[in-house]
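Please look over the structure shown below, with attention to how its parts meet one another.

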Amino acid sequence: MGLEPDAKVEEAGGEHPPALRATPFEGGLVGALRAIPFAGGYFRIAGASERGARLFFAACASTSMLIVLLIFLFLFKEAVPFVSKPGLSDLAGTRWVPVSFQHELFGILPLVLGSLLVTLLASVLAIPFGVGAAIYIAELARPAEREFLKPCIEMLAAIPSVVLGFFGLVVLAPLVKAVFHLSTGLTALSGAILLALMAAPTIISIAEDAIRSVPRSYREASLAMGATHMQTVWKVTTPAALSGIVAAVMLGMGRVVGETMAVLMVTGNAAMMTLSPFDSVRTMTATIAAEMGEVTFGSTHYQALFWVGITLLFATFILNMVAQRVLRKYQRS
Amino acid sequence: MNILCVLRTTVFSVVLSVALLSGCGSSANAPKTTTAIAIKGSDTMVHIDTAWSEAYMLSHPDVDISVTGGGSGTGISALLGKSTDICASSRDMSAEEKKKAADQGITLQETIVARDGIALVVHPSNPISELDMEQVQKIFTGAITQWEQVNGPAKPIVTLSRETSSGTYVFFQEHVLKKQDFAASVRLMPATATIIQSVSEDETAIGYVGLGYAIEAGAKVKLLSIKKDGASPPVSPSEDTVRTGSYSIARPLYFYTGATNNAPIAAFLAFCTGPDGQKIVKEAGYVPVN
């Protein structure tokens, strides 16, 4: 019974365009379909619908792959003329002055530094807060508390970033200004606090799931050995859930790096080379959002913005790769 | 492509032949034809061009006006290349451009259709109430960083600007900064409203916004008087001072046309500078001519 549907699956695969066959997603999908014995039995009876369903799922899985590829191609296509005319070395400059009567400068270093600073600050704020909240909700909170806390956190995730940005501009920036005795609250720190607020719900809910999915036997064994509840949480449950927590943090950071509107509203957007949380920074996302709308099609400025986009894409790409590595490492141990 | 450039108005009207253009009496027997007028030029003016066109086409269904941005320079070259009927420009034509027009046999007609002023705003508690043009330039290029340097309190200056995509940004850079670059520490705000909001919160901030917005903000911010140079008297920004030209950070907005004997274009120009057209100017946040 297991063999025949498999043969049909191979057959159906032969009808695919080669481009679709080559995608790595497909193997996973086929594997998944094979792993369901009932599915195999059902599709054997209805061979045509099996093929149709398989095609449909393969198309779904391949589409995202294709779109990513096309986005890459498009970005490079628009950005490539920059290489020959001003030259790529211009991107390594420390000044971003895209509109000037003197000399236009397209150094993306202050933008990269800005994104880096805001992301790091947001991580420092969001990780302890998020993981702490997750541990509390998963391990310490009473059921009634959990029922109340979880929807509240999900609500935080549902706030549109523009609304959060406006809140940041009107409430948070003056607060940051007053607390740190600054001349203005439009700083990297204000942006980071907003981003931490946005990343926290992601971190909390995924980390909480991870902690809750640690087998009961781990806790029971620890408690039976004479450990206190706190010791169990700290030494057994949390380390056991570490891979899930790391994934939660990485996903939260992914949201931070790509966020645009909130940082555009509160960081002041001055393209400075700075590592101080109390200075204004201009992030890569804010630069693209603010300038792409009015830039002349095909101009050097336009191409430079595409290079900013490519840099951003690579940054998130690397972040994902590292996350995968870390995940795999913890899963093995 | 410039987003404003894409923004064009083309409303094809159902010819009801109710009324013809005023002053177009000779074609009274042929009401079915539509007259096309093309406006091209300044991005600053696209918004107001569009408002005029829409209002005009409502009352004149036989006229079809298209508006394209691209910048004043683009508009002027289009007029010289005879690919537009009206050039909208936020600066006057250079002598060189005027000579080029004469060479091509184009009789230029220059009409000031509106005025545009930019106000410098600070926190209401700021003791400074006037600056001269050179001080403003130095503040935004980073040569002056402390309020002390302009006889204010011993506090650092927080400078706020619009984003680089703004027409106001370019005007400010050209006319106030004398084409110098903004300092890297100048904070670029995504909208005029966010500049007003930040200035109303930060005691040490200074920003610039269109006059209409500044007046609308009321007591939330303080408008600075501007001196043309150190020896001149301070002039506060208002509709009157912008109109008379005594306020320094202001500019007229022009319509340039080639053919002066074209009746539909002349009628449209008359509408823009007339009471209805000037009411639209005011609604759009600019200063009327008269």
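## Contacts between domains, chains and helices

Across the interface of domain 1 of chain A and domain 2 of chain A, the rule, which asks for a side-chain nitrogen of Lys or Arg within 4 Å of a carboxyl oxygen of Asp or Glu, finds zero salt bridges. This is a predicted model, in which local features need pLDDT of at least 70 and side-chain atom pairs count only at pLDDT 80 or more, while totals for chains, interfaces and linings use all residues. Residues are numbered from 1 along each chain as its sequence is written, chains are lettered from A and ligands numbered from 1 in the order in which they are written, and side-chain values use heavy atoms, with hydrogens and water left out.

The two domains of chain A span 1–79 for domain 1 and 89–332 for domain 2, with bounds that come from an automatic or database domain assignment. Of domain 1, Leu75(A), Glu78(A) and Ala79(A) supply 62% of the area that this domain buries against domain 2 of chain A, more than any other three residues.

Between chain A and chain B the rule finds three salt bridges. In a salt bridge across these chains, the side chains of Lys177(A) and Asp202(B) meet at 3.7 Å, N to O.

Lys177(A) also belongs to a helix contact, being one of the residues of α9(A) that, with Leu169(A), Val170(A) and Pro174(A), meet Thr194(B), Gln197(B), Ser198(B) and Glu201(B) of α7(B). The axes of helix α9 (residues 161–180) of chain A and helix α7 (residues 192–201) of chain B come within 11 Å and cross at roughly 35 degrees, where axes are lines fitted to C-alpha atoms, for helices over the stretch in contact, and angles run from 0 to 180 degrees between N-to-C directions. Helices are DSSP runs (H or I, at least four residues), numbered from the N terminus.

Within chain A, the axes of helix α7 (residues 109–140) and helix α12 (residues 229–240) come within 12 Å and cross at roughly 115 degrees. Ile135(A), Glu139(A) and Leu140(A) of α7(A) are in contact with residues of α12(A), among them Met230(A), Val233(A) and Trp234(A).

Conventions. Helix = DSSP H or I, 4+ residues; strand = E, 2+ residues; numbered from the N terminus. Contact = heavy atoms within 4.5 Å. Buried area = accessible area lost by both parts, 1.4 Å probe.
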